[in-house]
Amino acid sequence: MAILEEPIKGVPMAKNYINGEWVESKGEIIDVVNPANCQVIGKVGVSTREEIDEAVKAAKEAFYDWRRTPAVTRCRYLFRLLHLLEENFEELSRVQTQEHGKTIDESRGETRRGIENVEVACGIPTLMMGDSSEDIASGIDEYLIRVPLGVFGVIGPFNFPFMIPLWSAPYAVATGNTVVIKPSSEVPFSQTKITELAEEAGFPPGVWNMVHGGRTVVNGMLEHPGIEGITFVGSTPVMQDVIYPGCGKTGKRCIAQGGAANILVIMPDCNVDATIPGLMTSFFGNAGQRCLAGQTLIMVGEDNRFYNDFVEKVTDRARSIVMGYGLDESVQMGPVRDAKKKERIISYIETGIKEGAKLRLDGRKPKTITGGYPDTCFLGPTIMEGLHRNMRVVREEIFGPTMGILRVKTLEEAIEICNESPYHNGHAIFTSNGKYARQFQYDVISGNVGINIGIVAPMAFFPFSGMAGSFMGILHTQGKEAVRFFTESKVCIHRWL
Ligand code: NAD
């Protein structure tokens with residue numbers, strides 16, 4: 001057990017990284033607590049307005065030379081970073097588990113998906129190539145080049161502390177921009193580790209900056225005239241009320257990815273044995289704290305026997321999930337990030353009960369936590385039955401290990417319920433019928449659509465979509481769309497007389 005208690009190596013204080021220097025924040029210093037064992041594992045500063053200003057100033061100054069550095073040379077820094085990330089793969093994964101609570105395997109998955117973005121960004125010499133046409137009129141040629149814009153702000157959420165800033169930062173710097181990253185102050189160490197490796201990779205001072213903190217830093221970024229654009233991933237209220245309007249006011253381009261309340265549809269012809277394990281990771285993986293997690297399960301059809309057998313199997317599997325500290329390899333589900341989040345999830349379960357839900361599995365007071373850790377942040381898988389489409393537990397984001405089950409007669413009705421949700425991040429269907437699958441894909445409003453896939457997470461070379469209440473903006477993070485976002489097209493028309 002001793003190894004599980006080991007503190008995060010070398011980062012007792014998450015410092016800011018500005019212009020190639022590690023500096024302790026002048027703001028309030030707060031504790032970072034491991035939610036599994038409730039121990040303080042480090043500290044982080046809540047940075048001030050002046051500190052964000054300093055970082056933007058450094059990033060703006062660094063932009064001049066960085067933009068003039070050939071793309072192939074910029075990529076060599078990224079290749080070095082890639083190599084260092086691989087070399088430190090296991091430690092980077094452990095840090096995520098320690099600061100966030102997810103299991104070590106979930107952290108390894110997150111590390112891999114984050115690194116894949118660096119791999120894709122390494123192809124920037126090809127990805128940012130423009131277009132050209134000869135003789136658009138007699139003797140006149142026209143071509144389009146993609147140019148970087150300057151400084152970008154990258155704002156991350158708590159639930160994927162390692163991966164999510166990598167949906168943006170590698171593309172931003174590869175295209176010749178400079179970045180200021182603001183990780184969630186609840187989980188500051190994963191980005192601190194990445195930034196240490198970016199320093200080791202040799203990025204020139206000012207190209208890769210990081211400022212810890214909360215809304216002061218975010219507001220400082222939004223209002224700063226030196227920032228050209230923002231990528232944000234977090235909750236819908238912050239996206240809608242703070243980020244998008246804030247970018248609008250100062251004319252910044254913006255990618256804003258918000259919350260979700262995803263729906264998975266089960267057709268009676270699905271392959272039950274293949275579907276149920278997928279549902280476990282979808283609803284209970286990462287303790288349900290995923291923007292692509294399932295929240296509502298819609299069972300289609302009137303066959304009571306199918307319904308009862310299916311839900312019984314789902315409940316048995318969910319009941320057997322092993323909870324504990326995620327560094328223990330036998331653990332299948334960790335705690336939620338903190339006690340306040342646990343309270344919020346419990347209050348949703350209670351709202352569900354008041355609105356008529358019946359608890360098939362009650363995780364509010366988990367009995368067994370492997371290793372005997374305090375239950376402060378632990379919450380067992382919870383299954384609610386008898387839901388209807390207007391209930392708050394269907395329409396609002398719970399963001400915890402809960403599954404709400406709702407029955408409908410037809411696929412059309414199931415699609416209608418998906419489409420009336422305020423969120424449209426990742427809906428999915430499980431079926432062995434191609435017609436149903438196509439109908440679902442065609443009619444459902446969802447940025448990411450799953451067919452027999454529970455977590456519809458796009459690979460790094462595809463955009464991370466999301467629609468309506470789950471997204472604001474036009475272009476998306478990851479892949480070619482990120483390249484478009486971080487560059488402007490400059491069209492040149494030549495005539496030589
Ligand atoms: P959050 O909105 O509370 O915080 C996100 C970031 O914004 C953090 O860096 C935080 O410091 C900052 N912030 C919070 N409140 C602010 C305010 N009032 N003004 C300015 N800045 C503020 O989100 P969270 O709890 O960290 O993350 C969970 C949320 O993120 C969930 O809603 C989840 O669905 C969503 N999420 C979405 C995606 C996606 O791709 N759509 C991916 C992961 C998480």
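Guide: Keep in mind that this is a predicted model. Asp105 and Arg108 both sit in helix H5, three residues apart, which is about one turn of the helix.

Visitor: What do the side chains of Asp105 and Arg108 form?
Guide: Asp105 and Arg108 meet in a salt bridge, with N to O at 3.0 Å.

Visitor: How many salt bridges does the structure hold?
Guide: The structure holds 25 salt bridges.

Visitor: OK, domains. Which parts of the chain go where in the domain assignment?
Guide: Domain 1 is given as 13-258 + 470-495, and domain 2 as 262-451. The C-alpha centres of domain 1 and domain 2 are 32 Å apart.

Visitor: And how many residues does each domain put into the contact?
Guide: Domain 1 puts in 24 residues and domain 2 puts in 27 residues.

Visitor: How is the size of an interface often given?
Guide: Often as the accessible area that is lost when the parts come together. Here, about 2,200 Å² is buried between domain 1 and domain 2, and carbon and sulfur atoms give 55% of that area.

Visitor: Which three residues supply more than any other three of the area that domain 1 buries against domain 2?
Guide: Those are Ala36, Phe158 and Ser470, which supply 23% of the area domain 1 buries there.

Visitor: How many salt bridges are counted between domain 1 and domain 2?
Guide: Three salt bridges are counted between the two domains. Polar contacts between domain 1 and domain 2 come to 12 residue pairs.

Visitor: Which helices supply at least two residues each to the side of domain 1 that touches domain 2?
Guide: Helix H4 (89-100) and helix H5 (104-121) each do. H4 gives the most to that side, with five residues.

Visitor: Separate pair: how far apart are the closest N and O atoms of Arg337 and Glu186?
Guide: They are 3.9 Å apart, and Arg337 forms a salt bridge with Glu186.

Visitor: Switching to the ligand. Which residues around the ligand come nearest?
Guide: Of the 27 residues around the ligand, the nearest are Gly156, Lys182, Ser235, Gly258 and Glu397.

Visitor: Where does the polar side-chain atom of Ser235 lie?
Guide: That atom of Ser235 is 2.6 Å from an oxygen atom of the ligand. Gly234 has a backbone N or O atom 3.2 Å from an oxygen atom of the ligand.

Visitor: And which ligand atom does the backbone of Gly258 face?
Guide: A backbone N or O atom of Gly258 lies 2.8 Å from a nitrogen atom of the ligand.

Note on methods: Residues are numbered from 1 along each chain as its sequence is written. This is a predicted model: local features need pLDDT of at least 70, side-chain atom pairs count only at pLDDT 80 or more; totals for chains, interfaces and linings use all residues. Side-chain values use heavy atoms; hydrogens and water are left out. Domain bounds come from an automatic or database domain assignment. Contact means heavy atoms within 4.5 Å. Buried area is the accessible area (1.4 Å probe) that two parts lose on being put together, summed over both. A salt bridge is a side-chain nitrogen of Lys or Arg within 4 Å of a carboxyl oxygen of Asp or Glu. A polar contact is a pair of N or O atoms within 3.5 Å; within protein, one must be able to donate a hydrogen and the other to accept it, and residues adjacent in sequence count only if both atoms are side-chain atoms. Helices (H or I, at least four residues) and strands (E, at least two) are DSSP runs, numbered from the N terminus. A residue is near a molecule or strand if one of its heavy atoms lies within 4 Å of it.
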